[in-house]
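Good morning, everyone. Please look at the screen while I walk you through one protein.

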Amino acid sequence: MKQILKSFLIIAAAVAIVGGTYAYFSVKGEVLGSDITTGTLTIDIQDQNTDTTMTPFHITGLLPGDTALVNFDVKNTSTSGVQIRGAAVGNWVDTSLTDTMISVAKVERWDGFVWVTLASVDPITGIFYDSPTGADTANYTIPAGGKSQFRVTVKLSVNAGDSYQNEVYNASLYVQARQAGATIWPADLNSGF
């Protein structure tokens with residue numbers, strides 16, 4: 001009997017070491033018909049303080065040394081926050097005239113209380129950024145559904161002589177957005193337009 005009991009304990013120990021047979025229920029579930037939709041990145045350039053698309057701006061009667069303001073809003077119609085940059089470009093209809101006689105002298109952003117200067121170099125050449133310094137650091141973010149107000153100061157040089165009387169300068173204002181938190185901008189301002 002001791003021999004049988006000893007054999008039984010050896011077998012039980014072997015089963016415990018190797019693992020016993022057991023049965024548990026198992027089941028799997030599925031979630032069908034799911035999808036993932038990507039967000040959007042879009043902005044609207046609007047007339048300041050309205051929700052209408054900005055129409056072409058017209059500045060008339062500009063004299064040498066005069067400045068004029070172009071006011072506009074950038075509304076973020078994206079699903080996420082955006083950061084923006086912009087540039088003003090153009091040329092005289094009479095191509096014999098010098099483009100440098102008209103310039104952007106200042107870019108400002110409304111902070112809710114006062115106009116804050118983003119860039120103020122006469123003339124501003126190239127791209128300006130919506131940031132405290134007008135450079136591509138510490139960019140402001142316009143939240144999804146939000147709006148920011150801007151104004152650009154346009155200046156006719158005091159050196160514009162008589163040949164600039166009653167002439168037309170065709171100007172364009174470009175604004176480009178990138179997803180908030182992105183670390184690079186597209187290669188040029190017109191990329192993605």
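Are Tyr 129 and Trp 185 buried or exposed? Tyr 129 is buried, and Trp 185 is buried too. Buried means under 20% relative accessible area, exposed means over 50%, and partly exposed is in between, with a 1.4 Å probe and protein chains only.

A word on the source. This is a predicted model, where local features need pLDDT of at least 70, side-chain atom pairs count only at pLDDT 80 or more, and totals for chains, interfaces and linings use all residues. Residues are numbered from 1 along each chain as its sequence is written, and side-chain values use heavy atoms, with hydrogens and water left out.

Now the rings. A pair of aromatic rings is described by the distance of the centres and the angle of the planes. Rings of Phe, Tyr and Trp (its six-membered ring) pair if their centres lie within 6.5 Å; planes under 30 degrees apart are stacked, over 60 edge-to-face, the rest tilted. The whole structure holds 5 aromatic pairs. One of them is Phe 72 with Phe 150, which is stacked, at 5.6 Å centre to centre and 20 degrees between the planes. Phe 72 sits in strand β2 (residues 67–76) and Phe 150 in strand β7, 78 residues apart. Strands here are DSSP runs (E, at least two residues), numbered from the N terminus. Both Phe 72 and Phe 150 are buried.

Back to Tyr 129 and Trp 185. Their pair is tilted: 5.8 Å centre to centre, 55 degrees between the planes. Why does this pair tie together parts that are 56 residues apart in sequence? Because Tyr 129 lies in strand β6 (residues 128–129) and Trp 185 in the segment after β8.

There is also an aromatic cluster, formed by Trp 92, Tyr 164 and Tyr 169.

Next, Gln 149. This residue is in strand β7. Gln 149 is buried, with a relative accessible area of 16%. Which residues does Gln 149 contact, leaving aside neighbours within four places in sequence? They are Gln 48, Asn 49, Phe 72, Asp 73, Glu 108, Arg 109, Trp 110 and Trp 115. Contact means heavy atoms within 4.5 Å.

Last, Arg 109 again. Arg 109 lies over the face of Tyr 140, at 4.3 Å from the ring centre. The rule: NZ of Lys or CZ of Arg within 6 Å of the ring centre and within 35 degrees of the ring normal.

Thank you.

Terms used
Helices (H or I, at least four residues) and strands (E, at least two) are DSSP runs, numbered from the N terminus.
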